[in-house]
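Please look at the sequence and the coordinates before reading on.

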Amino acid sequence: MAGIRDRTPLWVQTRCGLEPRTLAALTVVLLVAAGLAGGYFWTGRPEPVHAPELVRAAPATVAPAGRAGPEVREEAGPLPAVAPAPSASSGAKVVVDVGGKVLRPGVLTLPAGARVADALRAAGGVRSGADLTGINRARVLSDGEQVLVDVPGVQVGGPGPGGGGGAGGAGGGGAPGTPVSLNTATVEQLDTLPGVGPVLAQHIIDHRTEHGGFRSVSELREVSGIGERRFADLEPLVRP
C-alpha cells in the first residue's frame, strides 16, 4: 500500500487525505470501472456487414403457341351454346269464298300466297263431272275473293293473267252489262269499273271486310274516295 501511495500524485494525497487502505480501494474501483468501460466500447464497436447475395429471378416460361389456345379455353370453361335464330314465320292470311261444284263450299282461311288449287283442295275438291275450263288453278289468291266452280251464268275468267278464280272468278262479273257484286268482287274486278283504280278498289274491299259486306249499293257512299258524282257513275254498274 505504501508503494501505491507513493505512486499517487501528491495533490491527490494532499486533497483527499485518504488513508492508504481507502486509497487502494479507490484505485481498484477505478481500474474495474476502466475495464468495464473498455469492454463496453469494445462490444459496441462497428462491425462490417456483408451485403446479401443477389437472388436471380427464374426465367419466365412461355407456353408454346400451339398450346396457348386450349389452355385458355380450359380455364375459361366451355362457351355457351348459341340458340339458333327462330325461323321467320309469316302469319298473313287470306279469306276466300269457295262455292259451286265443290264438296264443302264455304268461307276458308288460307295462308297468304295460297293458290286456287289450294282453295279447291281445302273445300274437299271438286265434284265429279265439274267443268274446270277457264279456271287457273295456279293463280295466287287475293283476300276477299270468291272462287266459283262450274256455276251456270257466271262469266269465265277473273283476276290475274291467264284466268280467274273459278268459273267467274269472283262471282261479280257476268256477261257484258252484268253488275259487279260489291260483296264478292276482287280488287282486279273492281279496278275495271270507271273511275276506280287499285287504291279505291282496295278501299271498297276493306270497307266490305270491316262492315261484314254491303247490304245495299247506297252504302258505297261510305267508302273513302267515293263522292256523289263517282257514286252516280258506279250505281248502275254494281250490286250488293
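Predicted model: local features only at pLDDT ≥ 70, side-chain atom pairs only at ≥ 80, totals over all residues.

Residues are numbered from 1 along each chain as its sequence is written, and side-chain values use heavy atoms, with hydrogens and water left out.

With a salt bridge taken as a side-chain nitrogen of Lys or Arg within 4 Å of a carboxyl oxygen of Asp or Glu, the model has five salt bridges. One of them joins lysine 101 to aspartate 150, with 3.1 Å from N to O. Lysine 101 lies in the loop between β1 (93-100) and β2 (106-111) and aspartate 150 in the loop between β3 (146-149) and β4 (180-181), so the pair ties together parts that are 49 residues apart in sequence; strands here are DSSP runs of E, at least two residues long, numbered from the N terminus. Lysine 101 is partly exposed, at 34% relative accessibility, a class that falls between buried (under 20% relative accessible area) and exposed (over 50%), computed with a 1.4 Å probe on protein chains only.

Another salt bridge links arginine 139 and glutamate 145, whose closest N and O atoms are 2.8 Å apart. Arginine 139 is buried at a relative accessible area of 8%, and glutamate 145 is likewise buried, at 1%.

In the salt bridge between arginine 215 and glutamate 219, the N to O distance is 3.4 Å. Here arginine 215 is exposed at 64% relative accessibility, whereas glutamate 219 is buried at 11%.

Terms used
Helix = DSSP H or I, 4+ residues; strand = E, 2+ residues; numbered from the N terminus.
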